[in-house]
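Colleague: I'd like a close look at one part of this model, please. Take it slowly, as I'm new to this.

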Amino acid sequence: MATENYKAGEARRRIAENIRKLRMERGLSQEGLAELADFHRTYVSQLERCVTNVSIDGLERLAMALDVDIRVLLKP
């Protein structure tokens with residue numbers, strides 16, 4: 001089975017790492033990214049800490065705020 005090696009939460013962790021990396025590369029604070037994506041700062045913090053899940057629409061807003069294709073947020 002193809003999903004045998006999949007670990008629960010792996011995609012969430014990957015997204016969190018990519019958001020944080022891209023945010024920092026752009027010199028943005030969590031508050032700055034939240035403002036660009038029209039989120040609350042605490043929500044960005046929760047995403048980066050894998051506390052909460054993000055919707056597809058939320059991923060799209062983050063990708064637009066970070067000026068990347070949405071697929072970049074899913075890259076390993």
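At what angle do the axes of H2 and H3 cross, and within what distance do they come?

Modeller: Two bits of housekeeping first. This is a predicted model, in which local features need pLDDT of at least 70 and side-chain atom pairs count only at pLDDT 80 or more, while totals for chains, interfaces and linings use all residues. Residues are numbered from 1 along each chain as its sequence is written, and side-chain values use heavy atoms, with hydrogens and water left out.

Now to your helices (DSSP runs of H or I, at least four residues, numbered from the N terminus). The axes of H2 and H3 come within 8 Å and cross at roughly 110°. Here an axis is a line fitted to C-alpha atoms over the stretch in contact, and angles run from 0 to 180 degrees between N-to-C directions. That makes H2 roughly perpendicular to H3 (the label covers 65 to 115 degrees; under 35 is roughly parallel, over 145 roughly antiparallel, and the rest oblique).

Where do they meet? On the H2 side, look for Gln30, Glu31, Leu33 and Ala34, which meet Arg41, Val44, Ser45 and Glu48 of H3; contact means heavy atoms within 4.5 Å. Zoom in on Gln30: its side chain makes a polar contact with the side chain of Glu48, at 2.9 Å. (A polar contact is a pair of N or O atoms within 3.5 Å; within protein, one must be able to donate a hydrogen and the other to accept it, and residues adjacent in sequence count only if both atoms are side-chain atoms.) Leaving out residues up to four places away in sequence, Gln30 also touches others, including Arg23.

Next, check which residues are hidden. In H2, the buried ones are Gln30, Leu33, Ala34 and Ala37 (buried is under 20% relative accessible area, exposed over 50%, partly exposed in between, with a 1.4 Å probe and protein chains only). They cover an arc of only 100° around the axis, which puts them on the same side of H2; the arc is that of the directions from the helix axis to the C-beta atoms. Turned away from that buried side is a face with the exposed residues Glu31, Glu35 and Leu36.

H3 has its own buried set: Val44, Ser45, Leu47 and Glu48. Their arc is only 160°, so they sit on the same side of H3. H1, H2 and H4 are what those residues pack against.

Methods
Helix = DSSP H or I, 4+ residues; strand = E, 2+ residues; numbered from the N terminus.
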